[in-house]
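Let's take a walk through this fold, beginning on the inside and working out to the sheet and its helices. Have the viewer open as you read.

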Amino acid sequence: MDKIYLVTHNDLDGITCAMLAQSALGKKAVVPIYTEAGEKNVDKALRPLLKHSHIIITDVGPSAEMAKKIDALAVDGGMKAFLVEHHKSTIERSEEHTSE
């Protein structure tokens with residue numbers, strides 16, 4: 001199985017997300033990448049991962065431009081991408097820029 005790259009916030013709830021993902025999916029399967037909050041930081045963490053087939057984003061939100069790139073790769077390139085979020089502003093922004 002391909003590695004699952006998990007981009008998450010470097011705070012308590014982000015680290016907890018990574019621990020839960022590793023517990024559920026396997027510690028060797030999930031590669032956590034911790035980042036500061038803010039679209040620029042999240043996009044910087046995501047950019048090198050666009051060539052991979054499995055990405056999970058938790059507790060942080062990408063920019064609208066990056067969300068569109070990920071959405072296009074998920075639709076056209078077969079990428080499996082998941083956004084798991086509890087911040088209302090990120091959820092609303094994500095819903096505006098993702099496909100059905």
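The largest nonpolar core has 13 residues, and the ones touching the most other members are V7, L46, I55, I57 and I70. Keep in mind that this is a predicted model. Who supplies the core? At least two residues each come from β1 (4–9), α2 (39–46), β3 (54–58) and α3 (64–76). The top contributor is α2, which puts in three residues. In soluble globular proteins, nonpolar side chains tend to be buried together.

Now click on V7. Skipping its neighbours within four places in sequence, V7 is in contact with I33, T35, A45, L46, L49, I56, I57, T58 and V60.

The four strands form an open sheet with parallel pairing, in the order β2-β1-β3-β4. β2 (30–35) and β4 (80–84) sit at the edges with a single partner strand each, so one side of each has no neighbour in the sheet. On average, neighbouring strands here are turned by 15° against each other, ignoring direction.

Zoom in on one of those pairings: β3 and β4 run parallel and are joined by five bridges. I57, which we met among the core residues, has L83 in β4 as its bridge partner.

α1 (residues 12–25) lies across β1, β2 and β3, and runs at about 160° to β1. α2 packs on the sheet too, touching β1, β2 and β3, with its direction making about 150° with that of β2.

Note on methods: Residues numbered from 1 in each chain as written. Predicted model: local features only at pLDDT ≥ 70, side-chain atom pairs only at ≥ 80, totals over all residues. Heavy atoms only, no water. Core = buried A, V, L, I, M, F, W, Y, C linked by side-chain atoms within 4.5 Å. Buried < 20%, exposed > 50% of the residue type's maximum accessible area, 1.4 Å probe, protein only. Contact = heavy atoms within 4.5 Å. Pairing = 2+ DSSP bridges. Axes fitted to C-alpha atoms, helices over the stretch in contact; angles between N-to-C directions.
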